[in-house]
Amino acid sequence: MILLPIIEIKDLSYTYPGLSKPSLSNITLSIERGSFVTLTGPSGCGKTTLCRCINGLVPHFYGGEATGEVKVSNLSVQDQPISELAQHVGFVFQNPENQLFSLSVEREIAFGLENLALPREEMKERLEWALDVIGIEDLRQRSPYELSGGQQQRVAIASVIAMKPKILIFDEPTSSLDPLAATKLFKTISRLNKTLGLTIILVEHRLDLLSTLTNQVIVMDDGEVKMNGKPIEVFGSPLAKLIGIGIPKIVRLYQEIANTGSVTKRPPLSVEDFTSYLRSRL
Amino acid sequence: MINVENVSYTYPSGINALKEVSVEIEDGAFVAIMGENGAGKTTLVKHFNGLLKPNEGNVTIDGINTRELSIAELSKKVGLVFQNADHQLFCETVEEEISFGLKNFGFSDKTVKKRVEWALEILDLAQYRKTSPLMLSGGERKRVALASIMAWKPKIVVLDEPTLGQDQNQKERLLQFIKQLNTQGNTVVLVTHDIEFVAECNPRVILMAKGEIVADGPAKKNLTNRRFVKKASLILPQITQIFNELADLGLPKDVIGTYEAKQLINNLIKGEQ
């Protein structure tokens, strides 16, 4: 049996209602089950719109004109109601405050499950599982509003994974977090990818902290996919620099010093790789 | 000059956001205030333009206590650009937005026109002059907010999280703009936790945690100190992480910026050959 990609997009173009210029043009790509995909590109390039096409908010909620095909777990997104898609694709927003509304963390996580009309026992089981996986058992009785930004982001993730989606989309989840909280969050996401096998799509500008965790980088510009490959290939390419993505500092430093001698085109991505590369040149 | 003397501030909700904070910021200084969410960074800078008045202690701007001045008077000297641009944008076009403050300060029509053109130009917004700020992207809205404050040329410019939501190209333009402002003699204060951005511009760094200042000194010193960095919920800049591993080669550990790193490594490679 051949395993189909979990997400398949063919010739997708999309224009929001009231706009004349398409936000997405002729996008074709596939994402394998269990990938950790980083989606990046300049502001306004269509990253968030593409994510909305995967969870069905486009076109079901936003309207507008979509052509082409988006398939998630071999289901056509156009034909599925958002509620059905929510069990396949979980979405964590930039600002967790926008998606939290309950008086306690437990209630917050239970809410989505109640909407699935699950038996009480299974709801309890999933609630405990989500609290445990994300490591927030100690917060269960707290109000989401009195938590720090990093903690709120964890609650939002727990309430999404309780729905047991196969795909998790994060739209710039660390943009309002301090660097320590951002690092922790990326590690949690990586763990969900490695231990539960969830497919991750992470929209992000801050690539320094991600280059060793992700295994596929998609670069968009002006509504099109311009690059799609392994981090080492994408970050090392002159095109990435031209489009203006946040190439990790380690790669930039490597490129600056690489000019002084003959080196390979595969840049180091971690501190360890960089120092061992440098030592090899001495 | 900004002088903060033993300032404490508690919000009506009971959160004690500043605890006996003292700091001096001289004219023409370039300062980054860094620290975890809720450390008191924004509360501190809101005292600079009188949006907040201390419960205890004093804040003086050029020797005048902020309690004796209105926010309008203080705003002429201290321009504060909010973290969330939407909190300060309300006009129908970008042009109107930028001229609003100028008109309120009573500048002549001719000056208003000249200043608006200048601000549109330097922040690369001329093509949006007739556009509603609400139609623009997050990054563009932040530039409009900045333009509307730069237009009245405050001597002290305070930017709260200016790099948030900005892509790489916008960050680089912002970096150039900030350096230019500072070279022209403006005092520039950044509130940020974008450690890699600060590492490239090397300002004085004030680290805050839990309503207190935990360290105050050059970026090169504070951002390479593991203990300080951890206290402020930051991480070491990537360049510093590399140089920490290379100390046995005779390289210094206190390196934060790409340019200096490149020079040092290139010299090392040349020396070996």
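Good morning. I begin with chain A, where 4 strands form an open sheet in the order E2-E1-E4-E5, with antiparallel pairing. At the edges stand strand E2 (24–31) and strand E5 (75–76) of chain A; each has a single partner strand, so one side of each is left without a neighbour in the sheet. Please keep in mind throughout that this is a predicted model.

Within that sheet, strand E1 (residues 7–15) of chain A runs antiparallel to strand E4 (residues 65–72) of chain A, and 7 bridges join the two. To take one position from this pairing, Thr15(A) stands opposite Glu65(A) in E4(A).

Which helix lies across E1, E2 and E4 of chain A? That is helix H1 (residues 47–54) of chain A, which runs at about 120° to E1(A).

I turn now to the backbone. In general, most residues other than glycine have a negative phi, and most peptide bonds are trans.

Val58(A) and Pro59(A) are joined by a cis peptide bond, with omega at about 0°. Pro59(A) is found in helix H2 (residues 57–60) of chain A.

The next two concern phi. Asp222(A) is not a glycine, yet its phi is positive, near 55°. Asp222(A) is placed in the loop between strand E9 (216–221) and strand E10 (224–229) of chain A. Is Asp222(A) buried or partly exposed? Because 15 other C-beta atoms lie within 10 Å, Asp222(A) counts as partly exposed.

In chain B, Asp124(B) likewise has a positive phi, of about 60°, although it is not a glycine. Asp124(B) lies in the loop between helix H4 (109–122) and H5 of chain B. With 14 other C-beta atoms within 10 Å, Asp124(B) is also partly exposed.

Let us move to the nonpolar core. The largest one has 155 residues, and those with the most contacts inside it are Ile169(A), Ile33(B), Ala147(B) and Val158(B). What does Ile33(B) touch, leaving aside its neighbours within four places in sequence? Its contacts are Lys41(B), Leu44(B), Val45(B), Val189(B), Leu190(B), Val191(B), Ile206(B) and Met208(B).

Next, the contact between the chains. Chain B contributes 31 residues and chain A contributes 32 residues. On the side of chain B that touches chain A, the elements giving two or more residues are helix H5 (138–150), helix H6 (168–183), helix H7 (195–201), helix H10 (238–244) and helix H11 (258–272) of chain B. H11(B) gives the most to that side, with 7 residues. By type, the residues of this side of chain B divide into 10 nonpolar, 15 polar and 6 charged.

Finally, the domains of chain B. The chain is divided into domain 1 (2–236) and domain 2 (237–273), and the C-alpha centres of these two domains of chain B lie 32 Å apart. Across the boundary, 11 residues of domain 1 of chain B are in contact with 10 residues of domain 2 of chain B. Two or more residues on the domain 1 side come from each of H7 and helix H8 (219–222) of chain B. H7(B) gives the most there, with 4 residues. The residues of that domain 1 side divide into 5 nonpolar, 2 polar and 4 charged.

Thank you.

How values were computed. Residues are numbered from 1 along each chain as its sequence is written. Chains are lettered from A and ligands numbered from 1 in the order in which they are written. This is a predicted model: local features need pLDDT of at least 70, side-chain atom pairs count only at pLDDT 80 or more; totals for chains, interfaces and linings use all residues. A nonpolar core is a set of buried Ala, Val, Leu, Ile, Met, Phe, Trp, Tyr and Cys residues joined through C-beta atoms within 7 Å. A residue is buried if 20 or more other C-beta atoms lie within 10 Å of its own, exposed if 12 or fewer, and partly exposed in between; C-beta atoms are placed from the backbone. Two residues are in contact if their C-beta atoms, placed from the backbone, lie within 7 Å. Ala, Val, Leu, Ile, Met, Phe, Trp, Tyr, Cys and Pro count as nonpolar, Asp, Glu, Lys and Arg as charged, and the others, Gly among them, as polar. Domain bounds come from an automatic or database domain assignment. Two strands pair if DSSP finds at least two bridges between them. Axes are lines fitted to C-alpha atoms, for helices over the stretch in contact, and angles run from 0 to 180 degrees between N-to-C directions.
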